[in-house]
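Me: I would like to go through the aromatic residues in this model and then a couple of loop positions. Please begin with the terms.
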Amino acid sequence: MGSLFLVTRLYDDGVICSDHRYPRLTSGDSPCSGRLEIQYGENWGTVCDLDWDLKDANVVCSQLQCGVAVSGPRYAHFGEGTGLVWTDIFECTGNETSLLDCRLFQGTQQECSHRNDASVICSGKHGPRLIDGTNRCSGRVEVLHGDQWGTVCDVYFDLEDANVVCEHIQCGTVTSIPGGAHFGKGAGPVWKESYGCQGNETRLWDCPVSSWEQFSCSHENDASVIFRDVFVSLSV
């Protein structure tokens, strides 16, 4: 086991600070899922899952530009790590862009081993995410390209597309796909792309995409989704 409070070390070519807090995901199914490991100075270690929650996971996804957190599986879901197990506690609100912005408390050296390695599953580098809804599984549809989030035009967003968004962020089944900026107008670009999902894909990036030019879409046309059977558990 290890503590996150490491001593700052000096080297000839610079300084490595004890509060670096850089995350990575390993042994996952994609670059945006896997066992969580955090670097402090030169030391990488896994994170004890006893105090790990979806808000903390959401910050990791944001920091890695991997969309939003879908779940934070416990009990070494992606296999047991090696080396140190960090036992300190992150208290993130979920809106931070880096773990550096989260409050950090020293753990109580509970019975944590690599059997308790925390994991993170993010929606992916292109999203999607749902914003300004009544819960995690409703809201305005937004997709990430590079480091910029944008909305989706409701003219080109259908039930099959919504079903894939549902599967992607593990939110049950589709109740409705209101258009007309039902959850308010977004900011930034309105992406000029039309998804040709069949409805049985598991990730939005598995769907063919084409550009649209026929209609002039604005944030008045922001697409939204409402799901039922909301998945909120962090366990597998």
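Reply: Buried means under 20% relative accessible area, exposed means over 50%, and partly exposed lies in between, with a 1.4 Å probe and protein chains only. This is a predicted model, in which local features need pLDDT of at least 70 and side-chain atom pairs count only at pLDDT 80 or more, while totals for chains, interfaces and linings use all residues. Residues are numbered from 1 along each chain as its sequence is written, and side-chain values use heavy atoms, with hydrogens and water left out.

Me: Is Tyr22 buried, exposed or partly exposed?
Reply: Tyr22 is partly exposed, because its relative accessible area is 38%.

Me: How many aromatic pairs are found in the whole structure?
Reply: The search finds three. Rings of Phe, Tyr and Trp (its six-membered ring) pair if their centres lie within 6.5 Å; planes under 30 degrees apart are stacked, over 60 edge-to-face, and the rest tilted. One of the pairs is Tyr22 with Trp44, edge-to-face at 6.4 Å centre to centre and 80 degrees between the planes.

Me: Which strands does that pair link?
Reply: Tyr22 is in strand 3 (residues 22–27) and Trp44 in strand 5 (residues 43–47), 22 residues apart. Strands (E, at least two residues) and helices (H or I, at least four) are DSSP runs numbered from the N terminus. Trp44 is partly exposed, at 25% relative accessibility.

Me: Why is the pair of Tyr40 and Trp86 edge-to-face?
Reply: Their ring centres are 5.5 Å apart and the planes stand at 65 degrees, so the pair is edge-to-face. Tyr40 belongs to strand 4 (residues 33–40) and Trp86 to strand 7 (residues 84–86), 46 residues apart. Tyr40 is buried at 1% relative accessibility, and Trp86 is also buried, with a relative accessible area of 1%.

Me: What lies over the face of Trp44?
Reply: Arg24 does, at 3.8 Å from the ring centre. A charge sits over a ring if NZ of Lys or CZ of Arg is within 6 Å of the ring centre and within 35 degrees of the ring normal. Arg129 lies over the face of Trp149, at 3.9 Å from the ring centre.

Me: Changing topic, where is Leu64 found?
Reply: Leu64 is in the loop between helix 1 (54–63) and strand 6 (69–71). Leu64 is buried, with a relative accessible area of 16%.

Me: What is Leu64 in contact with, beyond its neighbours within four places in sequence?
Reply: Tyr22, Pro23, Leu25 and Lys125 are in contact with Leu64, where contact means heavy atoms within 4.5 Å. Leu64 and Tyr22 are 42 residues apart in sequence and 9.4 Å apart in space, C-alpha to C-alpha.
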